[in-house]
Amino acid sequence: MTAVFLMSVLFGLACGQAMSFCIPTEYTMHIERRECAYCLTINTTICAGYCMTRDINGKLFLPKYALSQDVCTYRDFIYRTVEIPGCPLHVAPYFSYPVALSCKCGKCNTDYSDCIHEAIKTNYCTKPQKSYLVGFSV
């Protein structure tokens, strides 16, 4: 019985290391510009989930780049562009945003990701909302 229990624990740990729960997840964001009359609500996908990581005991002796932990980030993505309604002629009404196609556990790349520890809690509209009217891929 003890050998079966030990093998089950080892198997569970091995599967836990091999599997991550980092997947494209539906997300609703609200887009508005100060100069435009309306707010636009957009449904997209972002990368979210859990990645296995370890806390290294020898932190004092390692270079800083060796201490970064894996995060759930984009593997493949595309950009979509929408037009914000109610913008004056002198304001560009277009807004581009990423759509996650697939995700991975890895280092956060600041070239295309916002690598913050806490999500911004102001994802709401302060202006009247309009339906998603115009959208096209760039």
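Entry 1: I start with a definition: a residue is buried under 20% relative accessible area, exposed over 50%, and partly exposed in between (1.4 Å probe, protein chains only). By that rule, 21% of the 138 residues of the chain count as buried.

**Entry 2: ground rules.** I note that this is a predicted model, in which local features need pLDDT of at least 70 and side-chain atom pairs count only at pLDDT 80 or more, while totals for chains, interfaces and linings use all residues. Residues are numbered from 1 along each chain as its sequence is written, and side-chain values use heavy atoms, with hydrogens and water left out.

**Entry 3: the layout.** I looked up helices (DSSP runs of H or I, at least four residues) and strands (runs of E, at least two), both numbered from the N terminus. The chain has one helix and six strands. Going along the sequence, I read α-β-β-β-β-β-β.

**Entry 4: contacts and surface.** A contact means heavy atoms within 4.5 Å. I took the contacts between residues at least 6 apart in sequence, and 69% of them join residues at least 24 apart. For the surface I used the Shrake-Rupley method with a 1.4 Å probe, where for residues only the protein chains shown count as cover. The chain exposes about 10300 Å², and carbon and sulfur atoms supply 60% of that.

**Entry 5: the cores.** A nonpolar core is a set of buried Ala, Val, Leu, Ile, Met, Phe, Trp, Tyr and Cys residues joined through side-chain atoms within 4.5 Å. Which residues make up the largest one? I found eleven: Met29, Ile31, Cys36, Leu40, Ile42, Val82, Ile84, Cys87, Val91, Tyr97 and Val99. β1 (21-32), β2 (39-50) and β4 (94-106) each supply at least two residues of this core. There's also a second, separate core of seven residues, including Cys22, Cys47, Cys51 and Tyr74.

**Entry 6: the rings.** Rings of Phe, Tyr and Trp (its six-membered ring) pair if their centres lie within 6.5 Å; planes under 30 degrees apart are stacked, over 60 edge-to-face, and the rest tilted. I count two aromatic pairs in the structure. Tyr74 and Phe77 form a tilted pair, 5.4 Å centre to centre with 55° between the planes. Phe77 and Tyr79 form an edge-to-face pair, at 5.6 Å and 85°. Together, ring pairs link Tyr74, Phe77 and Tyr79 into a cluster.

**Entry 7: back to burial.** Is Tyr74 buried or exposed? Tyr74 counts as buried because its relative accessibility is 11%. Phe77 is at 27%, so it counts as partly exposed. Tyr79 is partly exposed too, with a relative accessible area of 35%.
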